[in-house]
Amino acid sequence: AGVAIAQALDKNNNNSLLHLDVRNNKIGVRGGMAMGKALVSNNNSNNTTSLEHLVLSNNPLGVEGCVAVSNGVAKNTSLRVLHLSHVEAGPKGGIAMAQALEKNDCLRELYFDCNKIGPRGGAAMGRSLERNGCLESLYLFGNGVRSGVGSLFLCRALRVNTTLKCLHLGQNEIGDVADFMAKCVGQNISLERFVLKYNKMDCFEVYNVEKLLKSPDRLEQAK
């Protein structure tokens, strides 16, 4: 089914489809690879109206499928919103998507929750945010970024990124560096929503983060 849908998208000559939701359709590696190919051809490089919102969440794309979709995103010039949560991306898939973000200049929202990208994937996402100048919302809930190299690269990115408005880092085991991350957010002029839910922060740590952010309304933390 995934391959057939991708082929139809690839041949969408009337350019009328703007929103495609194929979540929970058991689209696997082959479907993911076909979707990646379709994203390359279905864009507005020829001044035509093309797909702007794609939902692929809860499909077992696997690493290869996710890498293929990422390659498509790197070359796509029309997609504004991409839902790619629960697709079994792994660290390699996370790195591929991060590299795609460095080249893409149109995507505004990326939902990449629960993909087990780990510290390496988190670090790659951080590096991409230093270079990307258009992404406004990034959702990385439950990815095992942890309090190490992954979170530190994200911290560094928050110091220089000027377009991101929402960053969701809930359930990533980063409670130990939350205060340092908050310092970086405090220096950020664009971020409006910073989500740290379920990172095992005690009341003192939550207080410090809120203080560093200067505006508690920017922080979402499970009490």
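A: What follows starts with the whole chain, goes on to the core, and then takes up a few side chains one by one.

Please keep in mind that this is a predicted model. The chain has 223 residues, of which 53% are buried, and its secondary structure comes to 8 helices and 8 strands. If we take the contacts between residues at least 6 apart in sequence, 85% of them join residues that are at least 24 apart.

The largest nonpolar core has 55 residues, and those with the most contacts inside it are Leu82, Leu84, Met97, Leu110, Phe112, Met125 and Leu169. At least two residues of this core come from each of the helices H1 (2-10), H2 (29-41), H3 (62-75), H4 (90-103), H5 (118-131), H6 (149-160) and H7 (178-186). The helix that gives the most is H4, with 5 residues.

The buried residues of H3 are Gly62, Gly65, Cys66, Ala68, Val69, Ser70, Gly72, Val73 and Ala74, and what covers them includes H2, strand S3 (81-83) and H4.

Let us turn to the aromatic rings, where the count comes to 2 pairs. In one of them, Tyr111 and Tyr139 have ring centres 4.4 Å apart and planes at 15°; because planes under 30 degrees apart count as stacked, this pair is stacked. Tyr111 belongs to strand S4 (residues 109-111) and Tyr139 to strand S5 (residues 137-139), so that the pair links distant parts of the chain, 28 residues apart. Both of these tyrosines, Tyr111 and Tyr139, are buried. The rings of Phe141 and Tyr198 also form a pair, with centres 6.4 Å apart and planes at 85°, and it is therefore edge-to-face. Phe141 lies in the loop between S5 and H6, while Tyr198 lies in the loop between strand S7 (193-195) and helix H8 (203-213), so this pair ties together parts that are 57 residues apart in sequence.

Another ring has a charged side chain over it: Arg127 lies over the face of Phe153, at 5.0 Å from the ring centre. Arg127 has its place in helix H5 and, at 32% relative accessibility, counts as partly exposed. Leaving aside neighbours within four places in sequence, Arg127 is in contact with Glu102, Phe153 and Arg156. Between Arg127 and Glu102, which are 25 residues apart along the chain, the C-alpha atoms are separated by 8.4 Å.

With a relative accessible area of 6%, Asn188 is buried, and a polar atom of its side chain lies 3.0 Å from the backbone oxygen of Asn161.

Notes:
Residues are numbered from 1 along each chain as its sequence is written. This is a predicted model: local features need pLDDT of at least 70, side-chain atom pairs count only at pLDDT 80 or more; totals for chains, interfaces and linings use all residues. Side-chain values use heavy atoms; hydrogens and water are left out. A nonpolar core is a set of buried Ala, Val, Leu, Ile, Met, Phe, Trp, Tyr and Cys residues joined through side-chain atoms within 4.5 Å. Buried means under 20% relative accessible area, exposed over 50%, partly exposed in between (1.4 Å probe, protein chains only). Helices (H or I, at least four residues) and strands (E, at least two) are DSSP runs, numbered from the N terminus. Rings of Phe, Tyr and Trp (its six-membered ring) pair if their centres lie within 6.5 Å; planes under 30 degrees apart count as stacked, over 60 as edge-to-face and the rest as tilted. A charge sits over a ring if NZ of Lys or CZ of Arg is within 6 Å of the ring centre and within 35 degrees of the ring normal. A polar contact is a pair of N or O atoms within 3.5 Å; within protein, one must be able to donate a hydrogen and the other to accept it, and residues adjacent in sequence count only if both atoms are side-chain atoms. Contact means heavy atoms within 4.5 Å.
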